[in-house]
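Let's take a walk through a protein model together. Keep the picture open while you read.

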Amino acid sequence: MFAGFKGNYIGGRFVRPKRGMELISEDPGDLLNPVGSVVVSTEAVEEAVPSARRAFAAWADYPIRKKIAAMRRLQRVLKKRLPELTTLISREAGKPVTESRRETDRLVAKVDEIVGAGLELIAPFEVAIAPGVTGECRYRPHGVLAVIGPFNFPAHTPASHIIPALLTGNTVVFKPSEYTPFTGQLLAECIHTAGFPPGVFNLVQGGGAVGLQLIKHRMVSGVLFTGSTATGQAIKEATLDAPQKCLALEMGGKNAGLVLEDAPLELAARESAVAAYSMSGQRCNATSRIIVNKKIAKPFLDLFLAAADRVKIGYSLGEDILMGPLISHEAAAKFTRYMKLAQEEGFETLRAGRTLGSWGERRGYYVTQGVHLCENPSRNSSQHYRKEEIFGPDAAIYLVRNDEEAVALNNEVSYGLVTSVFSGSRQHFERIFPKLDTGLVNWNKGTIFSTGKLPFGGTKASGSFKPTGLFSTYYCTYPVAVTRDQRPLEKRALPV
Ligand code: NAD
C-alpha cells in the first residue's frame, strides 16, 4: 500500500467518515499491489457543502491580491510535491510517467495562466452610455461550485476548474474519480498546506452516488464537470429542477486526423500514432479516426503501421513507454467488445487490439494497439465502432476521394472535440477550417496537443459551450451590468 487514507477534507481539516463503504484504489498495471483504500459515504456531502457555503461570503470579499498570494503559496507547495504527485497519478491511473510529469507540470503552469491572462479576461470594463451615464461590466462569483473529476487526468482537469473557481471568489467541493482518490487527497493536502481559509476548499471521496448527491445539493450553484458524455447527460438531467445552476461540462470525443493529399506524410503518420496510442487512447482528445486521401493512402499506411508497431507498452513507471494498462477490467472488456464490433461492422483488421492480462511479472489490464481499415466509408453502415467513443488504443483508418468526403466524415459523429488537419499548405488548411464543427483544430499537430493559453472545449456532445483552459474564468463568474446615472433630476426628461 502506498498511501494512508486521511478522510474527507471539510472545513479546513481531514475528517474520517464514521461509516461508509470501503473503496480500493487499484494500480491497474500491478493488481497485486493496490495503492490503498478509502471509506466513502454520501453523508460527507451534507457536511462539505454547508462548510463551503459558510466560507463563501468572506472568501468572495477577500482582496484579489490575497487570493493570488494564497494561490502562489499553493503553486510552491505543488512544486515541492510534484514527484510524489507524479508517481501517484501513474500508479492510480496507470498513466505513463512521462505523461504524468507533463500533467503535473501543467498544473503548476495553470496558476500562472489564470492569475495572468485568465483574470484579465474578466477585468471589469466601462462604457459610456450618455453624457453623465456610465455603464460597467463586473464579474461576480457564483457561490459553492462542485468540481467532479475524471480518472485520466486526475490532477490537471480538476485543477483547471478549482484554480479559476477559487481565484474568482467561489468556494469549492471537489469529488475526484473513484479510481484516483489518493491523487485527490494529495491535492487537498497541498491546498491545506498553502493555508486557504477553512471551508474555501473541500474534498469528498466517492463514486457516482456521492457525485450525484453533490451536484443536486440545493446550496451548490454550479457544477464544473470533466468526464464522459453519459455522465454529463446524467448531471444535466439530475439538475433539471434547478435550471439556474451553471453547468460547465467537458465531455467525450471521437477525434479525427485528416490527412489531405498534400500532407507531410511521415509527420502525419507519427503525430497520428502518438495521438492514437498515448495513454492507451484514454484521452478525450485521442485520435480514434484517421481520414486519408486515397491518392496517398499506401505510403501513409506503411508509415503509420510502422509507427504503431514501434509503440512501447509497459508498466506505468517505465520511462520509455507510451501505453500503460487500461483503467479497469470493465474498460478492457469494453475495448475487446469494440475490437470484435469493428470486424462485425465491416472493417478490415490491420492490427488486432488484444488483451494481455499481464506485463512481465505484473498482472494488469494491458492491451495491444488496434488498427482497422475502411476503404469505402460510403458503403459502410457501422453505427457502434465508427461512431462511439472507445477510450482505448485503436485507430480506424478511412480512405476518401476528396476533401469534401474527409470533412463529412469528420463531422458525422455526435462528438466535436478536436480535429487535426495535415496539409503542406496553410491556404489549404484555411479552406478546410470553417467546415469543421470541432472546438479545437490543430494544423500539422496531433489531436492530443492543447495549451492552457487558449480555450479548451468541444462542440456537440463534447461540451456545453463553456470551454475550460484560458476561458475557465468566464464560467466561474457571471457578468453584472452596472449602470451609474449622475445626471440631476431636471436633465432626465422623465415622463412621470
Ligand atoms: P466518468 O463519466 O465515468 O466519471 C467522471 C466523474 O463523474 C467521476 O468522478 C464519477 O464518479 C462521476 N460521476 C459518475 N456518475 C455521476 C453522477 N450521476 N453524478 C455526478 N457525478 C458522477 O468518466 P471517466 O471514465 O472518469 O473519464 C473518462 C471520460 O472523460 C471520457 O469520456 C473522456 O473523453 C472524458 N474526458 C473529457 C475531458 C475533456 O476535457 N473534455 C478530459 C478528460 C476526460
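Predicted model: local features only at pLDDT ≥ 70, side-chain atom pairs only at ≥ 80, totals over all residues.

Residues are numbered from 1 along each chain as its sequence is written, and side-chain values use heavy atoms, with hydrogens and water left out.

Helices here are DSSP runs of H or I with at least four residues, strands are E runs of at least two, and both are numbered from the N terminus. Two packed helices are described by the angle between their axes and the distance between the axes. For H2 (residues 64-93) and H3 (residues 97-121), the axes come within 8 Å and cross at roughly 170°. (Axes are lines fitted to C-alpha atoms, for helices over the stretch in contact, and angles run from 0 to 180 degrees between N-to-C directions.) That crossing makes H2 roughly antiparallel to H3, a label for angles over 145 degrees.

So who touches whom? Contact means heavy atoms within 4.5 Å. On the H2 side you'll find, among them, Ile64, Ile68, Met71 and Leu78, and across from them H3 brings residues including Val97, Leu107 and Val111. The residues of this contact divide into 13 nonpolar, five polar and six charged. (Nonpolar covers Ala, Val, Leu, Ile, Met, Phe, Trp, Tyr, Cys and Pro; charged covers Asp, Glu, Lys and Arg; the others, Gly among them, are polar.)

Next, find H5 (residues 181-194). Its 14 residues reach 20 Å from first C-alpha to last, close to the 20 Å expected at 1.5 Å a residue; the expected span is 1.5 Å times one less than the number of residues. Twelve of the 14 are buried, so H5 is largely enclosed by the rest of the structure. Buried means under 20% relative accessible area (1.4 Å probe, protein chains only). Just after H5, Gly195 takes a positive phi of about 80°.

H8 (residues 265-277) has buried residues too, including Leu265, Ala268 and Tyr277. Their cover includes helix H9 (297-309) and strand E13 (287-293). After H8 comes Met279, with a positive phi near 55°.

Cys137 counts as buried, at 12% relative accessibility.

Technical notes: Parallel < 35°, antiparallel > 145°, perpendicular 65-115°, else oblique. Buried < 20%, exposed > 50% of the residue type's maximum accessible area, 1.4 Å probe, protein only.
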